[in-house]
Amino acid sequence: MDFNVKKLASDAGVFFTRAVQYTEEKLGQAEKTELDAHLENLLARGDCTKNWTEKIFRQTEILLQPNPSARIEEFLYEKLEKKIPLRITNAEVLGQYMQDAAKEFGPSTPYGSTLITVGEYQKRIGAVEREFIHASAVGFLNPLRNFLEGDWRIISKERRLLENYRLDLDACKARLKKAKLAEAKAAATPDFQETRPRNYVLSASASAAEQELRVAQTDFDRQSEVTRLLLEGINSTHVNHLRCLHEFVKAQAAYFAQCAVHMQDLQKELSRFPNAFVGNPSMSVIAPGPSPLSTAAPPGTSPPGRTSASPGPLDPVVTLKIGEVKPPATGTRKAKVLYDYEAADVSELSLLADELITVYTVPGMDPDWLIGERGNQKGKVPVTYLELLS
């Protein structure tokens with residue numbers, strides 16, 4: 001290794017001199033060359049862009065990958081220039097757990113079959129989420145990272161050079177000022193015995209200081225122009241980041257739209273499950289009894305339209321005729337429909353999301369269902385699809 005002691009000592013001396021000069025400027029004991037207003041504005045705008053871009057970048061990383069350990073692992077893979085292994089999303093893990101649980105509980109049971117269906121849709125949502133993460137990383141995160149790790153590092157390097165040239169310029173100004181004062185003092189109090197040699201030395205020193213000042217001023221002006229051009233490129237960076245932001249919003253909108261479609265499809269499938277449970281031998285047959293509670297099964301498992309071995313007077317399927325049901329004098333309520341619902345038979349009422357209907361119950365009805373009325377239409381509606389208002 002080439003080790004130059006003289007160069008090392010010279011660099012150390014320059015560093016020490018600049019440190020002393022910088023400290024004196026902060027304390028107001030030394031003059032400081034001020035940058036022009038346009039360059040100062042560009043520097044402030046560049047710092048603002050860097051700070052907020054860094055915050056947006058970090059928070060977007062947290063949004064796309066909340067697990068800090070996973071983020072550190074991905075960071076290490078990127079630095080080592082290795083391919084990041086495929087990572088399944090939390091929704092996909094949940095879906096797999098649901099399907100594994102269904103195998104244990106029995107896929108033919110109502111709970112097991114529902115778990116299988118919900119688990120499948122969770123996997124679909126997880127796959128959509130993975131596509132969204134990939135699209136956001138490529139279209140939004142990567143441009144922000146390229147700015148922080150590429151363009152901004154170049155700008156920071158040129159700014160440090162500009163600051164060093166400014167310190168050198170101020171040092172040259174201070175030396176020239178000192179030489180001029182010494183020359184003026186010597187001219188004011190001449191020494192007739194050594195006038196010519198002293199004046200000659202002081203004049204040469206002032207001339208050398210002026211030459212150093214011209215060189216330092218040239219270097220400073222050239223570096224100021226380079227830094228200014230780089231900082232003016234921040235405008236192009238903003239335009240590029242604006243385009244990337246639109247891509248991010250587009251990917252996010254597509255992600256939420258696909259999730260909404262999957263959830264609506266899942267709701268429709270789940271709404272068909274009660275009728276599918278009718279013929280399930282594992283469902284207990286409810287015997288008639290004198291009380292409405294004796295005919296009501298646990299919420300969420302008892303379907304409308306079930307049959308019993310010997311129907312009683314309160315059985316909601318055998319004796320409840322929708323056309324003959326009359327609303328009670330008191331007890332009717334308004335309800336807002338939360339989701340679309342398609343009637344499974346003529347005894348049910350189809351629903352549209354966000355519409356308002358009148359609902360009430362009658363003795364012997366399954367507690368998971370109500371009678372709904374919309375104009376001249378009437379039928380059973382599931383409680384889980386409604387938000388009771390009054």
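The model is predicted, so local features are taken at pLDDT of at least 70 and side-chain atom pairs at pLDDT 80 or more, while totals for chains, interfaces and linings use all residues. Residues are numbered from 1 along each chain as its sequence is written, and side-chain values use heavy atoms, with hydrogens and water left out.

Start with the overall picture. The protein has seven helices and five strands, where helices (H or I, at least four residues) and strands (E, at least two) are DSSP runs numbered from the N terminus. Reading from that end, the elements go α-α-α-α-α-α-α-β-β-β-β-β. Of the 390 residues, 33% count as buried; here buried means under 20% relative accessible area, exposed means over 50%, and partly exposed is in between, with a 1.4 Å probe and protein chains only. As for contacts (heavy atoms within 4.5 Å), 67% of those between residues at least 6 apart in sequence join residues at least 24 apart.

On the helical side, Arg-71 sits in helix α3, which covers residues 68–79. This arginine has a relative accessible area of 23%, so it counts as partly exposed. Setting aside neighbours within four places in sequence, Arg-71 touches Glu-61, Ile-62, Gln-65 and Pro-66. One of these, Glu-61, is ten residues away from Arg-71 in sequence, with 7.8 Å between the two C-alpha atoms.

Helix α4 takes up residues 90–105, 16 residues in total, and spans 22 Å from its first C-alpha to its last, close to the 22 Å expected at 1.5 Å a residue. That expected span is 1.5 Å times one less than the number of residues. Buried in α4 are Ala-91, Glu-92, Gly-95, Met-98, Gln-99 and Ala-102. Down the axis of α4 these buried residues fall within an arc of 120°, so they line one face of the helix; the arc is that of the directions from the helix axis to the C-beta atoms. Asn-90, Tyr-97 and Glu-104 lie on the other side of α4, and they are exposed. Just past the end of α4 comes Gly-106, with a positive phi of about 110°.

Further along, an unreviewed UniProt entry lists residues 155–182 as "coiled-coil region". UniProt positions are given in the numbering used here, feature names are shortened, and annotations may be inferred rather than shown by experiment. In the model, residues 155–182 are 100% helix and 0% strand, and their end C-alpha atoms are 41 Å apart.

Now for the strands. Five of them form an open sheet in the order β4-β3-β2-β1-β5, with antiparallel pairing; two strands pair if DSSP finds at least two bridges between them. At the edges stand β4 and β5 (386–388), each with a single partner strand, so one side of each is left without a neighbour in the sheet. Neighbouring strands are turned by 40° against each other on average, direction ignored. For such angles, axes are lines fitted to C-alpha atoms (for helices over the stretch in contact), and values run from 0 to 180 degrees between N-to-C directions.

Going through the sheet pair by pair, β1 and β5 run antiparallel and are joined by three bridges, while β1 and β2 pair in the antiparallel sense over four. Lys-336 takes part on both sides: this lysine stands opposite Glu-387 in β5 and opposite Leu-356 in β2. In the loop between β1 (333–337) and β2 lies Asp-354. Although not a glycine, Asp-354 has a positive phi of about 80°, and with 56% relative accessibility it counts as exposed.

Strand β2 (residues 356–360) pairs with β3 in the antiparallel sense over three bridges, with Val-359 opposite Gly-372 in β3. Strand β3 (residues 369–374) is mostly covered, with five of its six residues buried. On to β4 (residues 377–382), which pairs with β3 over six bridges, again antiparallel. Gly-372 has Gly-379 as its bridge partner in β4, and Trp-369 has Pro-382. The hairpin of β3 and β4 has two residues between the strands, and there Gly-375 adopts a positive phi near 65°.
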